[in-house]
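Hello,

Here is the structure I said I would pass on. My notes follow below it.

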Amino acid sequence: MRATPVPPDTAIAPELPVPTGDRTPQPRVALLINPFYPKDPRASYGKHVLTPTLALTSIAGATPEHWDVRYWDENLLQGPPPRAPLPQVVGITVHLTFAKRAYELARWYRAQGSIVVLGGLHVLSCPDEAAAHADAIAIGDGVLLWPQILEDIERGALRPRYSADYARPYRLDPAPRRSMLPRESFLTTTSVIASRGCHNRCGFCYLATDGLHMPYRMRDVEQVVAEIAADGQPYTVFVDNNLGSRPDYLRKLCIALRPLGIIWSAAVTIDVTDDPTLVREMALAGCTGVFVGFESLNAGNLSDARKRTPAPEDYARRVALLHRYGIQVNGSFVLGFDHDRPDVFERTVQWIEANRLECATFHILTPYPGTPFFRQLEAEGRIVHRDWDKYDTAHVVFQPKHMSREELDRGYAWCYDRLFSHASIWKRRPEDPRAVASYLAMSYLYKRSNRFWHLLIKHQLTAAVWRPLIEHSRRRHLKLRTRLERLPMDELELAAATRASQCISPGV
Ligand code: B12
Ligand code: SF4
């Protein structure tokens, strides 16, 4: 079941040459690295180049002018990170799934004389573990800490540990520095964040990590819009945890986005559909797709996780509302909760097909270290190992309650195999026959073309091939908006008008 063949460079990190010790670190050159992680052969490779991580561009934006700051993303498959010039400082972002690789890179650069600074989510969850691999660690908001760290390096007074909270008004952050990105390597370089935190605090989410206090903060909508306009791309991806946490803010943002004429997608919780006028506002502002964390169709699982959400019985109606406004839905589902039994896989996929979700993302329930859920499973003796590489939501790392680990593993694989099968793609096609061709084209290109994606990524052709399609989607969406604007909020009329020209989101 697990034997899907993959190109080796998507599964194994590039080999690091033996350090020769013949180079001298270049003063005031800083290199920021996003380390390699193996790709799940069953999910789309396209999502990894949908948009760059904002962590490194944000830190780069806070770098003092007299520093030369560079960027390297190992997931762009261009080999190991550079050492000519050998940077004085290497900043690496660390998530638990690629912590091991981050530590390997840290060792390699330190052996050559560079100073290594580690930051990111995993450093916050496991600071002592990370500190053993770095000259300094940054716990919390890197935008505050990075300039301070560089200043201390210049003064020869680097400390081993720096901490900052997330209490400062978000609007004070400098704009991320996107100019350093290899623009040809991403579907869009406009990954943007408008808000931080979330109104929920689900027990399994990284936001529930001990020591992480991330009060809900929003940036000024004018600031967000200016940033998007400055990057000049047709498609924006909001990487907020939940852009819908504050409906009044989202509405303001939509009104400000409308004149830009771009299309965009974002993660929201399904309660964004509480108010149909807000959904309409999103469509008018260019929203073509939402990523919705449904997590589970079982209310018991949701209440165990302390997720405040509408009842699962009402999800279908809410999905239909988004569809009615031409907004595609990528549903995110977590498998292996305590109320899940071996029938969860088939029931979940059937629901997805019955409600014609354009895409879905499956995750094996994963206890992130430092969260209440991790502590609960640890107390119950259900954590199987602490090999963080496998904490990528594609591997079973705990003992499920009502099925074996193998059943969960097989069920997860089955869900993806079924979702990307010809039969399922066909079943989930839009109701309006006129929208079917573009839906099929996008589904096959985005979800069933990992070999093709590999070529695009390797040869840096992602933007060249994808942007004309994005531009086509954007133009279709502008026409939809013109029709929508003229229509009153009459349900039937609206349904007819929007379904006829449903736009395909470049990458929900
Ligand atoms: C965009 C995104 C992706 C993109 C990545 C695109 C890319 N090219 O990198 C894609 C879609 C590919 C993706 C994939 C996955 N993702 Co993701 N993703 C995100 C998302 C939405 C935004 C990341 C971001 O840009 N954040 C904004 C930046 C500014 O925040 P930050 O990273 O915390 O950085 C700050 C600090 O941590 C610190 N910092 C960070 N790095 C450094 C480095 C230095 C040197 C310093 C000084 C400071 C510092 O400073 C920054 C500014 O304050 C986050 C959720 C979120 N909103 O953060 C999830 C998130 C990171 N993803 C998550 C997960 C689980 C995954 C997947 C495993 C899911 C899956 N199975 O598909 C995969 C990863 C695959 C793998 N094997 O690792 C989890 C991680 C949980 C955890 N504990 O690690 C998150 C938090 C979502 C969630 N709510 O659960 N993801
Ligand atoms: S709603 Fe999503 S982002 Fe918010 S706490 Fe729950 S899982 Fe995390």
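**Core and overall fold**

Leaving aside neighbours within four places in sequence, leucine 118 is in contact with Ile92, Val94, Ala102, Ala106, Val123, Ala130, His133, Ala134 and Ile137. Contact means C-beta atoms, placed from the backbone, within 7 Å.

This is a predicted model: local features need pLDDT of at least 70, side-chain atom pairs count only at pLDDT 80 or more, and totals for chains, interfaces and linings use all residues. Residues are numbered from 1 along each chain as its sequence is written, while chains are lettered from A and ligands numbered from 1 in the order in which they are written.

Leu118 and Leu335 touch the most other members of the largest nonpolar core, which has 132 residues. (Such a core is a set of buried Ala, Val, Leu, Ile, Met, Phe, Trp, Tyr and Cys residues joined through C-beta atoms within 7 Å; buried means 20 or more other C-beta atoms within 10 Å of the residue's own, with C-beta atoms placed from the backbone.) Domain 1 (8-170) and domain 2 (182-428 + 435-494) both contribute residues, so this core lies between them. The domain bounds come from an automatic or database domain assignment.

Of the chain's 508 residues, 47% count as buried. Contacts between residues at least 6 apart in sequence are 79% between residues at least 24 apart. The C-alpha atoms fill a box of roughly 70 × 50 × 40 Å, taken along the principal axes.

The chain has 19 helices and 14 strands. These are DSSP runs: H or I of at least four residues for helices, E of at least two for strands.

Best wishes

Definitions and conventions
A residue is buried if 20 or more other C-beta atoms lie within 10 Å of its own, exposed if 12 or fewer, and partly exposed in between; C-beta atoms are placed from the backbone. Two residues are in contact if their C-beta atoms, placed from the backbone, lie within 7 Å.
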